[in-house]
Amino acid sequence: MYGRDPWGGPLEINATDSATDDDRSRNLNDVDRAALSRPLDETQQSWLLGPTEQKKKKFVDLGCIIVSRKIFVWTVGIVVAAALLAGFITLIVKTVPRHHHKNPAPDNYTIALHKALKFFNAQKSGKLPRHNNVSWRGSSGLQDGKGDSGSFYKDLVGGYYDAGDTIKFNFPMAYAMTMLSWSVIEYSAKYEAAGELAHVRELIKWGTDYFLKTFNSTADSIDDLVSQVGAGNTDDGSTDPNDHYCWMRPEDMDYKRPVTTCNGGCSDLAAEMAAALASASIVFKDNREYSKKLVHGAKTVYQFGRTRRGRYSAGTAESAKFYNSSMYWDEFIWGGAWLYYATGNVTYLDLITKPTMAKHAGAFWGGPYYGVFSWDNKLAGAQLLLSRLRLFLSPGYPYEEILRTFHNQTSIVMCSYLPYFNKFNRTRGGLIELNHGDPQPLQYAANAAFLATLYSDYLDAADTPGWYCGPNFYSTSVLRDFSRSQIDYILGKNPRKMSYLVGFGPKYPKHVHHRGASIPKNKVKYNCKGGWKWRDSKKPNPNTIEGAMVAGPDKRDGFRDVRTNYNYTEPTLAGNAGLVAALVALSGEEEASGTIDKNTIFSAVPPLFPTPPPPPAPWRP
């Protein structure tokens, strides 16, 4: 029989499949007996008997919690293993020799910088702070300017003594503060890396606080200005006690210290003081109130210098013997440039970029002293300062022509420093004779080293690889080589193998022409003439005036370490300021050297929108 297969195809049904239920049951019983004749596996037994009883898990009672023994064992094992591993690592760390990665040792320029700054601490006048860090110095000059009835000043306590004497000459002191401020503005990161930024700022403020006392700095106009505290002229044979006739510790001064004022022509002094205050206002721009006070004082004293024309050292002024000023036009450009940077007032830029101003300052004269930057002549520094404006801001018309002239003249000055052109002689040891063989050459060499390094840094920052000297192109590295050669000479790379920076290196001057350093601090007060025995002593100074750069060798590299010869052994504020500036410019790692702060000096300068030049004159046949 065939039935229908629901999946398709025939379905065959056998006759045997129609057996009765009894037959089917008998057959099943036969199958069961056959199946039971062999043993059942566990699965089959579970079918028949149902689920078997599971084994009891073992637990650990921890009191507050019950956990599986297996989890507990694993946890304890992991903790123990971790403790063993940590102990092993600690043992290795403690037993293996350590390799400390110390900062690289400071270079010679940085070491010398620390010392050169310390000289200013030794020169402080007034009430000294506890942290002055010169053990043999104390407060002095506490009566300066006091008791002068009818004077425009209240007191003149503070400031710095100029050199080995105790006179406060405001003209070179203002120049020294300007130089320190300029170096901070350009190289604040290097000062900070050397750990000296706070120190040099404190030194600058010590000077500017004093300057604000030397005229009515809160007024908009003034009629008088202090130029000097103390006296030192002994040419007339006078035996009256003064700062040169007497040889006394500053702390023991008991003679009258006269105050010299200027109410007529003192344009050079006023403009230099304006430069000091204006540049310091940029240094202290984070102290808004103090910076504003400095700017106001700078404006006032600069205007005084502009309206009362004349040299502060003209006529019979005592300062003519010690710090005679040759002109005041260079200070007008110098002070005006700093006021422009400090205020952003374009009036100052208009003034100092007049061609007549540059002509009067000697920008086109040339001559044997052209390019010699010093406390007297600021032209080379002012031209470099204004070249900076052209390099980084390019103010364009109407300033471009005169700024290009300043830039070109700066390049010429830099060429004159190089040995290839023989503009200046050199000693056999390599010291450039910028003062043409006259005494005290080191301050001029240090100033030139600073200008050369700074100009090379300006060019590098402007992505300019060098400059032209006539048809010849020189890379900026040539300028740095010149600067290093001069500073290295000062630090001991010279025929005498002597460092002219006191306290630097194994050999340096021991008979420095300096009153405070030459008289022992032994609780004995030596009077005016009583200190002469220390002046004339052949023994080394009992106090080391660390960081003082002495006047230097002669034109044959000779040097006499004699206290009574100031042309060899006397240090000055102006000289040390130039040295500090050069040292910080050269300091630091070789790959980091040359880094200047391009923008801080321009922080007050507004965006410049150059005026278009006038149209050409109409064409005529």
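Guide: We will go from the whole chain to helix pairs, strands, single residues and backbone angles. Keep in mind that this is a predicted model.

Visitor: Let us begin with the overview. How many helices and strands are there in the chain?

Guide: The chain has 20 helices and nine strands. Of its 621 residues, 50% are buried.

Visitor: Which residues of α5 and α20 meet?

Guide: From α5 come M173, Y175, A176, M179, L180, S183, Y187, K190 and Y191, and they meet L573, A574, A577, G578, V580, A581, V584, A585 and L586 of α20. Sorted by class, this contact of α5 with α20 holds 15 nonpolar, two polar and one charged residues.

Visitor: And at what angle do the axes of α6 and α7 cross?

Guide: For helix α6 (residues 197-211) and helix α7 (residues 267-283), the axes cross at roughly 135° and come within 10 Å. That angle makes α6 oblique to α7. The crossing of α6 past α7 is left-handed. On the α6 side the contact is made by R201, I204, T208 and F211, and on the α7 side by M273, A276, L277, A280 and V283. By class, the contact of α6 with α7 has seven nonpolar, one polar and one charged residues.

Visitor: What should I look for in strands?

Guide: Strands of a sheet pair through backbone hydrogen bonds, in either a parallel or an antiparallel sense. In this model, three strands form an open sheet in the order β5-β6-β7, with antiparallel pairing. The edge strands are β5 (168-169) and β7, each pairing on one side only. β6 and β7 share four bridges in the antiparallel sense, and V229 has V259 in β7 as its bridge partner.

Visitor: In what sense do β8 and β9 pair, parallel or antiparallel?

Guide: Strand β8 (residues 466-469) and strand β9 (residues 472-475) pair in the antiparallel sense, over four bridges. Y468 stands opposite F473 in β9. The hairpin of β8 and β9 has two residues between the strands, and G470 in this hairpin takes a positive phi near 65°.

Visitor: Let us turn to single residues. Is E331 buried or exposed?

Guide: Burial is judged by relative accessible area, and under 20% counts as buried. E331 has a relative accessible area of 0%, so E331 is buried. Its place is in helix α10 (residues 329-343). Leaving aside neighbours within four places in sequence, E331 is in contact with F171, D268, A271, E272, G336, W375, D376 and K378.

Visitor: Where does N242 lie?

Guide: N242 lies in the loop between β6 (225-229) and β7 (259-262). With 10% relative accessibility, N242 counts as buried. Not counting residues up to four places away, N242 touches A231, G232, N233, T234 and Y255. N242 and G230 are 12 residues apart in sequence, with their C-alpha atoms 7.3 Å apart.

Visitor: Which residues does a cis peptide bond join?

Guide: Y397 and P398 are joined by a cis peptide bond, with omega about 5°. You will find P398 in the loop between α13 (379-392) and α14 (400-417).

Notes
Residues are numbered from 1 along each chain as its sequence is written. This is a predicted model: local features need pLDDT of at least 70, side-chain atom pairs count only at pLDDT 80 or more; totals for chains, interfaces and linings use all residues. Side-chain values use heavy atoms; hydrogens and water are left out. Axes are lines fitted to C-alpha atoms, for helices over the stretch in contact, and angles run from 0 to 180 degrees between N-to-C directions. Angles under 35 degrees count as roughly parallel, over 145 as roughly antiparallel, 65 to 115 as roughly perpendicular and the rest as oblique. A crossing is left-handed if the near helix is turned anticlockwise from the far one by less than a right angle, and right-handed if clockwise. Contact means heavy atoms within 4.5 Å. Ala, Val, Leu, Ile, Met, Phe, Trp, Tyr, Cys and Pro count as nonpolar, Asp, Glu, Lys and Arg as charged, and the others, Gly among them, as polar. Two strands pair if DSSP finds at least two bridges between them. Buried means under 20% relative accessible area, exposed over 50%, partly exposed in between (1.4 Å probe, protein chains only).
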